[in-house]
Amino acid sequence: MIRFEKVSKAYPGQARPALNSLSIDIQKGEFVFLVGQSGSGKSTALKLMLREQRPTTGRVYVAGKEINRLAGWKVPRLRRQVGTIFQDFRLLANKNVAENVAFAMQVTGHSNREIRQRVPETLELVGLDGKGDRMPDELSGGEQQRVAVARAFINRPMILIADEPTGNLDPGNTVGIMRLLDRINRSGTTIVMATHDVQMVDQMRKRVIELEHGHLVRDQVQGGYGAQF
Ligand SMILES: Nc1ncnc2c1ncn2[C@@H]1O[C@H](COP(=O)(O)OP(=O)(O)OP(=O)(O)O)[C@@H](O)[C@H]1O
């Protein structure tokens with residue numbers, strides 16, 4: 001589903017590459033935590049999966065395609081297959097909850113009928129039943145992240161990429177969001193999540209890929225945040 005072949009990424013003006021000959025292979029349906037100190041290259045790896053950045057050398061394959069070679073007009077189609085969630089939620093402040101989620105279907109060309117049906121279903125799935133009319137600033141952080149999860153999942157993406165999705169949440173909401181992501185993963189969506197949350201990684205016991213200065217230093221099935229497991 002996602003494959004990096006000796007991928008290096010050097011940002012202009014940086015002494016050291018952000019990623020250094022990284023090779024990883026993630027299968028369909030896996031749940032993978034990406035861990036490592038700040039600056040180790042996690043966000044860069046996620047950006048390469050979305051073609052928000054391009055590798056300096058090496059190859060990145062997503063859903064069977066080498067995405068660096070993808071024609072520009074095919075990039076939106078790639079991104080439709082990949083949902084994203086970020087630490088800072090990134091909701092549209094002038095749209096209510098239902099409109100935020102519907103927007104993801106509108107830009108992918110779904111009919112109003114499909115949107116009217118699927119938005120309430122998805123809000124229910126993320127535990128926001130009946131909150132469709134609220135504006136983002138009328139929601140708690142945990143609820144805002146649930147909206148972001150609904151928006152990322154409504155098109156049933158093959159892959160969900162999450163960059164520190166619980167970084168702004170308290171422990172209770174962190175558990176809620178993780179349960180949700182676990183359910184989404186069980187429905188078949190591949191999840192790759194960068195995180196600094198030690199407790200959560202230790203509890204979930206999923207595959208852990210650890211980066212250090214852009215190098216792969218650990219790739220462990222049912223791992224913990226540190227190498228102690
Ligand atoms: N757009 C950019 N331009 C220049 N350098 C960058 C850019 N983005 C990241 N870097 C550098 O690349 C390295 C890796 O950064 P990256 O954001 O991938 O790390 P990270 O592991 O996600 O860190 P964090 O946990 O703090 O989010 C860092 O040294 C960073 O300063």
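**Exercise 1. Two helices side by side**

Helix H3 (residues 97–106) and helix H5 (residues 141–153) pack at an angle of about 25°, and their axes are 8 Å apart. This is a predicted model. Work out how H3 and H5 are oriented to each other, and find which residues make the contact.

*Solution.* 
Step 1. Packed helices are described by an axis angle and an axis distance.
Step 2. Take the angle of about 25° between H3 and H5. Angles under 35 degrees count as roughly parallel. H3 and H5 are therefore roughly parallel to each other.
Step 3. List the contact. H3 supplies Val97, Asn100, Val101 and Ala104, while H5 supplies Val147, Ala150 and Arg151.
Step 4. Sort these residues. The contact of H3 with H5 has five nonpolar, one polar and one charged.

**Exercise 2. The next helix pair**

Describe how H5 packs with H6.

*Solution.* 
Step 1. The angle is about 15°, and the axes of H5 and H6 lie 9 Å apart.
Step 2. That makes H5 roughly parallel to H6.
Step 3. H5 and H6 cross in the right-handed sense.
Step 4. From H5 come Gly141, Gly142, Gln145, Val149 and Phe153; they meet Asn173, Gly176, Ile177, Leu180 and Ile184 of H6.
Step 5. Sorted by type, the contact of H5 with H6 has five nonpolar, five polar and no charged residues.

**Exercise 3. The sheet**

In what order do the six strands of the open sheet stand? Why does one side of E6 and of E10 lack a neighbour in the sheet?

*Solution.* 
Step 1. Read the order: E6-E7-E8-E3-E9-E10, with mixed pairing.
Step 2. Look at the edges. Strand E6 (82–86) and E10 stand there with a single partner strand each, so one side of each has no neighbour in the sheet.
Step 3. Neighbouring strands are turned by 15° against each other on average, direction ignored.
Step 4. Take a parallel pair. E3 and E9 run parallel and are joined by four bridges. Val32 stands opposite Arg207 in E9.
Step 5. Take an antiparallel pair. Strand E9 (residues 207–212) and strand E10 (residues 215–220) pair over five bridges. Val208 stands opposite Gln220 in E10, and Glu210 stands opposite Arg218 in E10.
Step 6. Look at the turn. The hairpin of E9 and E10 has two residues between the strands, and His213 there takes a positive phi near 45°.

**Exercise 4. Helices on the sheet**

Which strands do H1 and H6 lie across?

*Solution.* 
Step 1. Helix H1 (residues 42–49) lies across strand E3 (31–35), strand E7 (159–163), strand E8 (190–194) and E9. H1 runs at about 145° to E8.
Step 2. Helix H6 (residues 171–186) lies across E3, E7 and E8. H6 runs at about 150° to E8.

**Exercise 5. Around the ligand**

*Solution.* 
Step 1. The residues around the ligand are Tyr11, Gln14, Ala18, Gly36, Ser38, Gly39, Ser40, Gly41, Lys42, Ser43 and Thr44.
Step 2. This shell divides into two nonpolar, eight polar and one charged.

Definitions and conventions: Residues are numbered from 1 along each chain as its sequence is written. This is a predicted model: local features need pLDDT of at least 70, side-chain atom pairs count only at pLDDT 80 or more; totals for chains, interfaces and linings use all residues. A residue is near a molecule or strand if its C-beta atom, placed from the backbone, lies within 6 Å of it. Ala, Val, Leu, Ile, Met, Phe, Trp, Tyr, Cys and Pro count as nonpolar, Asp, Glu, Lys and Arg as charged, and the others, Gly among them, as polar. Two strands pair if DSSP finds at least two bridges between them. Axes are lines fitted to C-alpha atoms, for helices over the stretch in contact, and angles run from 0 to 180 degrees between N-to-C directions. Two residues are in contact if their C-beta atoms, placed from the backbone, lie within 7 Å. Angles under 35 degrees count as roughly parallel, over 145 as roughly antiparallel, 65 to 115 as roughly perpendicular and the rest as oblique. A crossing is left-handed if the near helix is turned anticlockwise from the far one by less than a right angle, and right-handed if clockwise.
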